[in-house]
Amino acid sequence: LFEYNRLLKLKNYSINTINSYNHCFEKFLFHFKGKNINSLTKEEITDFLYRESQKGMSYGYQNQIINAIKFYYEKVLNRKKEFYNIPRAKRPQKLPTVFSEEEIITLLKQVKNLKHKCVLFLIYSAGLRISEAVKMKIADIDSTRNMIVVKGAKGKKDRTTLLSKKLLIMLREYYKEYRPKEYLFEGETGGQYSVKAIQNVFNKALAASGIKKEATVHSLRHSFATHLLERGADLRYIQDLLGHN
């Protein structure tokens, strides 16, 4: 596993991808415990993948486990690319949950804590992923240019997005009260604020709002994009703000 992890890091894979690949590859190693995996045949690997596919795994997890195995043989061992013909889970075709602008207002009204309100308003008004919000640093808020710099986002890409004037007012008030040192939102002992904490704040606000929609924090990002589109913003511009190709 040492060389496997070393190469993942050298290729600058995200920590989430590294963890996912490790989990999948360890399952693969456990299945073939006692065997030399370097000498496994394509049929043996395909049989393992077929067995896993019969367990009702999701589309995303199936791709992860295939890619984790392919990474070992094709990148670590430098073998030729291989295709494994197994039944593929269907990609879910679900429409994302989107709040109306009125529902966003109702949702945020449920949050009384200034720090919590700023976090959710930032995610909505800038169209951020929750992972981008916790990594946001004070220096990433550019008030002179009315923009937010999102560094090292998904795919290791930097981008800029909108800085709401209302959010800027809230952030200035928040900064005076909380005095964060490095990250825009920090835990009680410093460092990045936790994703779990933001999810808990959102879930409590959603329950208190009376809004009967199945939603997550990511629904705020979907709502940001939808509201811009409804106001006539160019689709390509919206994609740039979201960091999509």
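Predicted model: local features only at pLDDT ≥ 70, side-chain atom pairs only at ≥ 80, totals over all residues.

Student: Which residues does tyrosine 61 touch, leaving out those up to four places away in sequence?
Tutor: Tyrosine 61 touches His23, Cys24 and Lys27. Contact here means heavy atoms within 4.5 Å.

Student: And where does tyrosine 61 lie?
Tutor: Tyrosine 61 is in helix H4, residues 59-76. Helices (H or I, at least four residues) and strands (E, at least two) are DSSP runs, numbered from the N terminus.

Student: Good to know. How many helices and strands does the protein chain have?
Tutor: There are 11 helices and three strands in the protein chain. From the N terminus on, the order is α-α-α-α-α-α-α-β-β-β-α-α-α-α. The C-alpha atoms fill a box of roughly 60 × 40 × 35 Å along the principal axes.

Student: How are the three strands arranged?
Tutor: They form an open sheet in the order E1-E2-E3, with antiparallel pairing. Two strands pair if DSSP finds at least two bridges between them. E1 and E3 (159-162) are the edge strands, each pairing on one side only.

Student: How many bridges join E1 to E2?
Tutor: Two bridges join E1 to E2. Aspartate 142 stands opposite methionine 147, which is in E2.

Student: Switching topic: which residues of the largest nonpolar core touch the most other members?
Tutor: Those are Phe99, Leu122, Ile148, Phe185, Ile198, Phe202 and Leu220, out of 47 residues in that core. A nonpolar core is a set of buried Ala, Val, Leu, Ile, Met, Phe, Trp, Tyr and Cys residues joined through side-chain atoms within 4.5 Å. Buried means under 20% relative accessible area, exposed over 50%, and partly exposed in between (1.4 Å probe, protein chains only).

Student: Which elements give two or more residues to this core?
Tutor: They are helices H5 (101-109), H6 (114-126), H7 (130-135), H8 (165-178), H9 (195-209), H10 (218-230) and H11 (235-242), together with strand E2 (147-150). H6 supplies the largest share, nine residues.

Student: What does isoleucine 198 touch, beyond residues up to four places away in sequence?
Tutor: Isoleucine 198 touches Val119, Leu120, Ile123, Ile130, Val134, Tyr193 and Val217.

Student: Now the largest pocket. How much space lies in it?
Tutor: About 950 Å³. The volume is the space filled by probe spheres set on grid points, which are joined across faces, edges and corners. On a 1 Å grid over the protein atoms alone, with a 1.4 Å probe, a pocket is an open set of points with protein on both sides within 12 Å along at least five of seven lines, and lining residues have an atom within 4 Å of a point.

Student: Which lining residues lie nearest its centre?
Tutor: Arg129, Ser131, Glu132, Lys154 and Arg221 do, out of 30 lining residues. H10 gives the most to the lining, six residues.

Student: Back to single residues. Is isoleucine 138 buried, partly exposed or exposed?
Tutor: Isoleucine 138 counts as partly exposed because its relative accessibility is 25%. It sits in the loop between H7 and strand E1 (141-142). Isoleucine 138 and leucine 184 are 46 residues apart in sequence, with their C-alpha atoms 4.7 Å apart.

Student: And asparagine 5, buried or exposed?
Tutor: Asparagine 5 is buried, because its relative accessible area is 18%. It is part of helix H1, residues 2-10.

Student: Last one: what is the phi of asparagine 78?
Tutor: It is positive, about 55 degrees, although asparagine 78 is not a glycine. This residue is in the loop between H4 and H5, and at 65% relative accessibility asparagine 78 counts as exposed.

Definitions and conventions
Residues numbered from 1 in each chain as written. Heavy atoms only, no water.
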